[in-house]
Amino acid sequence: MYGYKIVNGKAIKQDSDKVSALFQAYLSGLSLNASAEKAGIEKHHREITNILSDRHYLGDDFYPAVIDQKTFDQVQAEMQKRKKHYQRHPKQVHVPTHFTASQPVEHYDDPVKEAEYLYSLIKEAQS
């Protein structure tokens, strides 16, 4: 886990100041990547999200605490806020399901031209 190293079967802090700086930079309004860059952490977008979402940084029976509960909660709330704000909403797409076709009046020897012509005769049925 980033910010710790295991020595003699025990987790000790290593670069935990960078983890703390990451949380603070994100709360200051920076993007995930900008926060990591400011904190001196070279990780990809998903890895940064994982760090910011990992409860182990609060401390537990194995990992010493790097951040406090208030900071963790603020980051989680900010992540949810940004997720809602930047969430993509798919456009409504109309998929026609009823069609009509005019009777062909022309014929082409070239199969590609014939297919193009026949497909041009297909129209969406008006409901």
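Helices here are DSSP runs of H or I with at least four residues, and strands are DSSP runs of E with at least two, both numbered from the N terminus. Lys 81 forms a salt bridge with Glu 78, with 3.8 Å between the closest N and O atoms. The term asks for a side-chain nitrogen of Lys or Arg within 4 Å of a carboxyl oxygen of Asp or Glu, and by this rule the count comes to two.

Glu 78 also has Arg 82 as a partner: the closest N and O atoms of this salt bridge are 2.8 Å apart. Arg 82 and Glu 78 are four residues apart in H4, again about one turn of the helix. Together, Glu 78, Lys 81 and Arg 82 make up a network of salt bridges.

Lys 81 has 55% relative accessibility, so it counts as exposed.

## A nonpolar surface patch

Over to the surface: Phe 99, Tyr 119 and Ile 122 form a nonpolar patch there, with about 360 Å² of accessible area together. Patches take residues with over 30% relative accessible area and no salt bridge, joining nonpolar side chains (Val, Leu, Ile, Met, Phe, Trp, Tyr) within 5 Å and like charges within 9 Å. The areas come from the Shrake-Rupley method with a 1.4 Å probe, and for residues only the protein chains shown count as cover.

Tyr 119 belongs to helix H5 (residues 111–120). Its relative accessibility is 62%, so Tyr 119 counts as exposed.

Strand E1 (residues 4–7) pairs with strand E2 (residues 10–13) in the antiparallel sense, over four bridges; pairing requires at least two DSSP bridges between two strands. Ile 6 stands opposite Ala 11 in E2. The hairpin has two residues between its strands, and Asn 8 takes a positive phi near 50°.

## Notes on the model

Residues are numbered from 1 along each chain as its sequence is written, and side-chain values use heavy atoms, leaving out hydrogens and water. As this is a predicted model, local features need pLDDT of at least 70 and side-chain atom pairs count only at pLDDT 80 or more, while totals for chains, interfaces and linings use all residues.

How values were computed
Buried < 20%, exposed > 50% of the residue type's maximum accessible area, 1.4 Å probe, protein only.
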